Amino acid sequence: MSFNLQPILKGNLLELRPLQPADFDVLFGVASDPLIWVQHPVKDRYKKEVFEILFQESMTSGGSLVAIDTQDGNVIGSSRYHGYAKEKSEIEIGWTFLSRSYWGGTYNKEMKQLMLDHAFKYVESVIFVVGKENLRSQKAVEKIGGIWIGSRPDAGGNDSYVYQITKSKVLGWNS
């Protein structure tokens with residue numbers, strides 16, 4: 001069975017669907033808040049010319065999803081599957097950002113739950129690569145069960161921590 005990197009995933013709070021070119025303006029509207037990027041290795045992603053690079057990479061990746069609030073239909077952020085390694089039975093979830101009005105765990109938790117449930121149909125392990133200065137994201141990954149397993153450079157060459165969630169260690173996983 002081939003890993004579907006751009007599924008449509010539906011939860012109570014949000015829906016995830018494949019990123020489309022037409023999503024640029026509304027997603028940039030979310031990303032244009034400088035406070036989202038304060039702890040991120042690329043701190044100026046709130047600038048249109050910098051966000052355009054991320055958006056193009058996201059489109060090219062073939063694994064990017066847009067998060068939509070099911071209550072009002074607004075785009076509230078994005079996340080991505082990356083680096084599917086069939087031989088290691090592993091995939092990365094990352095590049096996640098949400099509008100600050102959705103911070104606090106509930107929406108991120110559901111987003112990651114939907115993505116993990118989908119991933120565990122295909123792999124035994126999911127990793128998260130988080131910038132060493134990004135304490136907010138480190139805590140968010142730990143909150144959903146991520147275990148720190150080491151360090152390595154991220155896709156941009158920045159020193160990062162690697163967290164892992166394995167299918168076998170997650171009690172009561174839905175898949």
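Tyr102 is buried, with a relative accessible area of 13%. Buried means under 20% relative accessible area, exposed over 50%, and partly exposed in between, with a 1.4 Å probe and protein chains only. This is a predicted model: local features need pLDDT of at least 70, side-chain atom pairs count only at pLDDT 80 or more, and totals for chains, interfaces and linings use all residues. Residues are numbered from 1 along each chain as its sequence is written, and side-chain values use heavy atoms, with hydrogens and water left out.

Tyr102 sits in the loop between E5 and H3. Helices (H or I, at least four residues) and strands (E, at least two) are DSSP runs, numbered from the N terminus. Leaving aside neighbours within four places in sequence, Tyr102 contacts Asp69, Asp72, Ile76 and Tyr107. Contact means heavy atoms within 4.5 Å. Gly77 is 25 residues from Tyr102 in sequence, and their C-alpha atoms are 9.2 Å apart.

## Two nonpolar cores

The largest nonpolar core holds 28 residues. Such a core is a set of buried Ala, Val, Leu, Ile, Met, Phe, Trp, Tyr and Cys residues joined through side-chain atoms within 4.5 Å. Leu16, Tyr81, Met115, Leu116, Val123, Val126 and Phe128 touch the most other members. Two or more residues each come from strands E2 (14-18), E3 (64-69), E4 (75-85), E5 (90-98), E6 (125-131) and E8 (159-166), and from helix H3 (106-119). H3 gives the most, with 6 residues.

Not counting residues up to four places away in sequence, Phe128 touches Ile93, Lys112, Leu116, Val141, Ile144, Tyr161, Val162, Tyr163 and Ile165. A second, separate core has 15 residues, including Ala31, Ile36, Phe51 and Val75.

## Helices H1 and H2

H1 (residues 24-31) packs against H2 (residues 48-61) at about 120 degrees, with the axes 11 Å apart. Axes are lines fitted to C-alpha atoms, for helices over the stretch in contact, and angles run from 0 to 180 degrees between N-to-C directions. The two helices are therefore oblique to each other. Angles under 35 degrees count as roughly parallel, over 145 as roughly antiparallel, 65 to 115 as roughly perpendicular and the rest as oblique. The crossing is right-handed: the near helix is turned clockwise from the far one by less than a right angle.

H1 contributes Phe24, Leu27, Phe28 and Ala31 to the contact, and H2 contributes Lys48, Phe51, Glu52 and Phe55. By class, the residues are 6 nonpolar, no polar and 2 charged. Ala, Val, Leu, Ile, Met, Phe, Trp, Tyr, Cys and Pro count as nonpolar, Asp, Glu, Lys and Arg as charged, and the others, Gly among them, as polar.

Ser58 also belongs to H2. Ser58 is buried, at 8% relative accessible area. Beyond four places in sequence, Ser58 contacts Leu19, Ser64 and Arg80.

## Arg136 in H4

Arg136 lies in helix H4 (residues 135-143). Arg136 is partly exposed, with a relative accessible area of 30%. Neighbours within four places in sequence aside, its contacts are Leu35, Ile36, Gln39 and Trp103. Ile36 is also a member of the second core. Thr70 is 66 residues from Arg136 along the chain, with 25 Å between their C-alpha atoms.

## Positive phi values

Ser89 has phi near 55 degrees, a positive value in a residue other than glycine. Ser89 is in the loop between E4 and E5 and counts as buried at 19% relative accessibility.

Trp95 has phi near 60 degrees, again positive in a non-glycine residue. Trp95 lies in strand E5 and is partly exposed, with a relative accessible area of 23%.
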